[in-house]
Amino acid sequence: MEKHIICQKSNGVLEIKFARPDKKNALTNVMYTDAQIAMEEALNDDSIKVILFTAMGDFFTAGNDLSEFLTIAESDDAEFNALKFIKVLGDYPKPIVAAVTGSGVGLGTTMLLHCDLVYILDKAKLFASFVNLAVVPEAGSSLLLTERIGYARAFNMFVMGESLSGTQAVNLGIANQSFDTAEEVETIARQKAEALAKKPYQAVLQTKQLMRDSIKILEKIHYENIYFTERLKSDEAKVILRNFLRI
């Protein structure tokens with residue numbers, strides 16, 4: 001089976017690459033699990049100081065694979081591995097860097113709120129239009145995005161489906177810096193990740209711990225998941241997903 005999560009370790013950095021470009025790097029259950037396991041294994045590897053997320057192709061990630069969403073919506077026992085990955089992000093002690101070399105949809109946007117450094121393509125678009133799919137925000141984003149950009153802008157993204165450009169993401173504090181080309185984004189992100197890996201390690205971990213209220217974030221993730229699961233299994237969501245997939 002082709003691997004759609006590619007991991008590579010170098011200079012204290014574990015790079016986790018989304019590698020399903022023909023599907024805009026839409027995340028499947030297997031991909032969530034592979035990324036989750038890679039991150040958990042990195043916790044026990046003292047040589048890994050930093051996680052770096054990258055992507056293959058011209059999309060960062062289109063979020064959850066909608067065909068799997070529909071399978072989960074119509075099944076009583078189908079697993080939804082995204083939640084396990086999200087919980088790892090919500091409480092991850094090591095620093096995380098993202099090289100956003102294309103647009104991000106759903107989790108492709110909300111996971112950036114768990115990254116400590118984000119570098120993005122100027123023309124990338126970030127979408128968090130959960131209501132358009134008849135579901136609710138996830139990954140703690142109803143808390144984190146609202147805190148980051150304000151209620152009005154967050155509501156505009158969640159409910160009205162409006163996007164942010166890479167440049168806007170920098171201006172609003174979601175990303176650190178934007179660039180004209182994907183090559184620049186990836187190069188700078190790797191340089192910053194490697195520089196971060198050389199910092200006094202325990203001081204980095206403790207600083208991140210002090211800056212993030214993981215208990216509050218995980219509590220919000222828990223309640224979001226209750227509503228998300230309920231909405232995903234609603235007739236409203238099933239109809240919308242079938243229309244998207246033209247089934």
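Two strands are said to pair if DSSP finds at least two bridges between them. With that in mind, in this predicted model, Ala99 stands opposite Tyr119 in strand 7, and strand 5 and strand 7 pair in the parallel sense over four bridges.

**Strands and their pairing**

- Strand 2, which covers residues 13-18, is joined to strand 3 by six bridges, and these two strands run parallel.
- Within this pair, the residue that stands opposite Val13 is Val50 in strand 3; to get from strand 2 to strand 3, the chain passes through helix 1 (residues 29-43), and this β-α-β crossover is right-handed.
- Strand 3 also pairs with strand 5, again in the parallel sense, over three bridges, and here Leu52 has Val97 of strand 5 standing opposite.
- On its other listed pairing, strand 7 is joined to strand 10 (residues 177-179) by three bridges, with the two strands running parallel, and the bridge partner of Leu121 in strand 10 is Phe179.

**How the strands are covered**

- In helix 9 (residues 201-211), the buried residues are Val204, Leu205 and Lys208, and because they fall within an arc of 95° when seen down the helix axis, they line one face of the helix.
- The face of helix 9 that is turned away from this buried side carries the exposed residues Gln209 and Leu210, whereas the buried residues of helix 9 pack against strand 5 (96-100) and helix 8 (182-197).
- In helix 5 (residues 141-149), the buried residues are Ser141, Leu143, Leu144, Leu145 and Ile149, and what covers them includes helix 4 (107-110), helix 6 (151-158) and helix 10 (214-232).
- After helix 5 comes Gly150, a residue whose phi is positive, near 95°.

**The largest pocket**

- Rolling a probe the size of a water molecule over the atoms shows where empty space is left.
- The largest pocket in the model has a volume of about 750 Å³, and of the 34 residues that line it, the closest to its centre are Ala62, Asn64, Leu66, Val105 and Leu133.
- The elements that give two or more residues to this lining are helix 2 (66-73), helix 3 (82-90), helix 10 and helix 11 (235-245), and the largest share, four residues, comes from helix 10.

**Single residues to look at**

- Most residues other than glycine have a negative phi, and most peptide bonds are trans.
- Lys24, which is found in the loop between strand 2 and helix 1, has a phi near 55°, a positive value in a residue other than glycine, and Lys24 is partly exposed, with a relative accessible area of 47%.
- Ala134, which is found in the loop between strand 8 (125-127) and helix 5, has a positive phi of about 65° although it is not a glycine; Ala134 has a relative accessible area of 9% and is therefore buried, given that buried means under 20%.
- Glu41 has its place in helix 1 and counts as exposed, at 54% relative accessibility, where the cut-off for exposed is over 50%.
- Glu41 and Ile96 are 55 residues apart in sequence, and their C-alpha atoms are 15 Å apart in space.

Notes
Residues numbered from 1 in each chain as written. Predicted model: local features only at pLDDT ≥ 70, side-chain atom pairs only at ≥ 80, totals over all residues. Heavy atoms only, no water. Buried < 20%, exposed > 50% of the residue type's maximum accessible area, 1.4 Å probe, protein only. Arc of directions from axis to C-beta. Contact = heavy atoms within 4.5 Å. Right-handed = clockwise from strand over helix to strand, strands pointing away. 1 Å grid on protein atoms, 1.4 Å probe; cavity = no way out; pocket = protein on both sides within 12 Å on 5 of 7 lines; lining within 4 Å. Points joined across faces, edges and corners; volume = space filled by probe spheres on them.
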